[in-house]
Amino acid sequence: MRTHLVPVTAEPTAADLAAIDAEWPLIAAELDLLDAEITLIYAEDHGGPSPLDWRRLRRAEARVTRAAAGSAARTDPRRAA
């Protein structure tokens with residue numbers, strides 16, 4: 001079965017770019033969390049995670065939580081302070 005790909009000809013709109021920009025802090029925090037998790041997986045094969053590895057994971061989790069809360073507050077006008 002052959003799938004035909006349709007070329008993308010439309011550019012993102014200003015609203016699309018603004019939405020990405022608004023969500024970027026959460027995206028960046030999630031990428032940091034993923035990196036910390038990968039470090040833990042790698043460390044398991046090399047003597048185990050260090051206390052610093054665990055601290056990095058906890059801090060990354062906290063950043064995701066803060067970024068998600070901030071994102072929710074920005075998208076829900078009733079929650080904005």
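User: What makes Arg 63 count as partly exposed?

Analyst: This is a predicted model, and in it Arg 63 has a relative accessible area of 29%. Partly exposed covers values between the buried limit of under 20% and the exposed limit of over 50%. Arg 63 is therefore called partly exposed.

User: Why are Asp 32 and Arg 63 said to meet in a salt bridge?

Analyst: The N to O distance between the side chains of Asp 32 and Arg 63 is 3.7 Å. A salt bridge requires a side-chain nitrogen of Lys or Arg within 4 Å of a carboxyl oxygen of Asp or Glu, so the pair of Asp 32 and Arg 63 qualifies. Asp 32 is partly exposed, with a relative accessible area of 36%.

User: How many salt bridges does the structure hold, and what makes Arg 56 and Asp 35 a salt bridge?

Analyst: The structure holds 2 salt bridges. The side chains of Arg 56 and Asp 35 meet at 2.3 Å, N to O. The limit is 4 Å, so the pair of Arg 56 and Asp 35 counts as a salt bridge. This pair links distant parts of the chain, with Arg 56 in helix α2 and Asp 35 in helix α1, 21 residues apart. Arg 56 is partly exposed at 33% relative accessibility, and Asp 35 is partly exposed with a relative accessible area of 36%.

User: Why is Asp 53 called buried?

Analyst: Asp 53 has a relative accessible area of 17%. Buried means under 20%, so Asp 53 is buried. Asp 53 is found in helix α2 and touches Thr 39, Leu 40 and Ala 43, not counting residues up to four places away in sequence.

User: How do you know that Asp 53 has no salt bridge?

Analyst: The nearest side chain of opposite charge to Asp 53 is Arg 56, which is 5.6 Å away. A salt bridge needs a nitrogen and an oxygen within 4 Å, and Asp 53 has no such bridge although this residue is buried.

User: Why does Val 8 count as exposed?

Analyst: The relative accessibility of Val 8 is 74%. Exposed means over 50%, so Val 8 is exposed. The place of Val 8 is in the segment before α1. The C-alpha atoms of Val 8 and Ala 62 are separated by 37 Å, and these residues are 54 apart along the chain.

User: What makes Leu 31 partly exposed, and which patch includes Leu 31?

Analyst: Leu 31, in helix α1, has 48% relative accessibility. Exposed begins over 50% and buried lies under 20%, so Leu 31 is partly exposed. Leu 31 forms a nonpolar patch on the surface with Leu 17, Ile 20, Trp 24, Leu 34 and Ile 38, and together they have about 590 Å² of accessible area.

User: Why can Arg 55 belong to a surface patch?

Analyst: Arg 55 is found in helix α2 (residues 51-75) and is partly exposed, with a relative accessible area of 44%. A patch takes residues with over 30% relative accessible area and no salt bridge, so Arg 55 passes the area limit. Arg 55 gathers with Arg 58, Arg 59 and Arg 66 in a patch of positive charge on the surface.

Methods. Residues numbered from 1 in each chain as written. Predicted model: local features only at pLDDT ≥ 70, side-chain atom pairs only at ≥ 80, totals over all residues. Heavy atoms only, no water. Patch = residues over 30% accessible without salt bridge, like charges linked within 9 Å, V, L, I, M, F, W, Y side chains within 5 Å. Areas by Shrake-Rupley, 256 points an atom, 1.4 Å probe, with all protein chains shown as cover. Lys, Arg positive; Asp, Glu negative; His and termini not counted. Charge placed at Lys NZ, Arg CZ, Asp CG, Glu CD. Helix = DSSP H or I, 4+ residues; strand = E, 2+ residues; numbered from the N terminus. Buried < 20%, exposed > 50% of the residue type's maximum accessible area, 1.4 Å probe, protein only. Contact = heavy atoms within 4.5 Å.
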